[in-house]
Amino acid sequence: RAKSDGRGAYRFFEEEMDTRMQRRRLLEVELRTAMTMRQFHLLYQPQLSLDSETINGFEALIRWRHPQGGIVSPADFIPLAEETGLIVPIGEWVLREACREAAGWATPATISVNLSPVQVRSPGLVEVVRSACMSAGLDPKRLELEITESVLLTGSDATLETLRQLKALGARISMDDFGTGYSSLSYLRSFPFDKIKIDRSFVGDITSNGDSAAIIRAIIGLGRSLRMETTVEGVETAEQLAHIRAEGCDQAQGYLIGRPLPAEAAQAMLAQPRAA
Ligand code: C2E
Ligand code: MG
Ligand code: MG
Ligand code: MG
């Protein structure tokens, strides 16, 4: 009896596995189709320079217009794209599209592109970045590549060499989501980042939580000492903006400055510059 119960439970488990695997396989097929059917597009989130009080950059953020499911956010498909390696061609498309778009802007604002660890480990990345800038006619100095510490966590000497070559091209390298990982500080020593993007979890309660305020102050100070710029992500209120401005942060990004926008709206924002 116990034996048959066990077998029943196992069969149930198997069926559940089957549906999960089937859904995964379906998503994988859909992701492949998405590339050829041009179902991806980029939104551009503005970044405010706290020196000049003008928009001096945009971060490119990918969206997937699923034929049935509406707009799918990157959190829901980037992990599978990484597992299957599809992130390499998808990431190349993002780079080319973002560079092409930025080359047409009215000001030389920077364009930030997120790189997956899988992309950084893929052999052709440096050539892809060079080619994306060349064919778009974009000065590589205007391209900022955002990586998270997971790139360095799983990385080898080859990873550091890739980052060095990207810098040699003229591109800037940012450390994204700083402060959320396990050993962020040691990574600042392993590579000369141009910018530290302080994760939005720290700014959320900056005006009410003394600890968050102290952490942000310390990271901005750290950036200054290491000659790395600092950006605070997730700025949603005027109080938060005033706070990080007073701390000497270089740049702010978040819904207060602007939501991620379609390309034309981002372009219009630069064409009619006004202090925020
Ligand atoms: P991220 O690079 O840290 O991008 C910032 C995320 O925070 C974006 O989410 C943005 O919409 C959101 N955000 C910005 N300001 C605020 C705010 O004031 N409040 C709140 N609550 N959220 C804010 P999104 O677009 O859903 O992207 C999520 C993540 O997906 C990104 O985090 C990035 O890691 C990844 N991602 C996006 N586009 C790409 C891409 O083209 N390639 C790769 N490899 N990853 C991407
Ligand atoms: Mg980012
Ligand atoms: Mg981030
Ligand atoms: Mg984030």
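Analyst: Donors here are N, O and S atoms within 2.8 Å of the metal (3.2 Å for Na, K and Ca), and water is not among the atoms, so sites may look incomplete. The model is a predicted one, in which local features need pLDDT of at least 70 and side-chain atom pairs count only at pLDDT 80 or more, while totals for chains, interfaces and linings use all residues. Residues are numbered from 1 along each chain as its sequence is written, chains are lettered from A and ligands numbered from 1 in the order in which they are written, and side-chain values use heavy atoms, with hydrogens and water left out.

The protein donors are D176 (OD), D177 (OD), E233 (OE) and E233 (OE), at 2.1 to 2.4 Å from the ion. Because D176 belongs to strand β6 (residues 172-178) and E233 to the loop between β8 (229-232) and α11 (238-246), the pair ties together parts that are 57 residues apart in sequence; helices (H or I, at least four residues) and strands (E, at least two) are DSSP runs, numbered from the N terminus.

D176 also bridges this magnesium ion (ligand 3) and the magnesium ion (ligand 2), the two lying 3.9 Å apart. D176 is buried, with a relative accessible area of 8%, and E233 is buried as well, at 10%, where buried means under 20% relative accessible area, exposed over 50% and partly exposed in between (1.4 Å probe, protein chains only).
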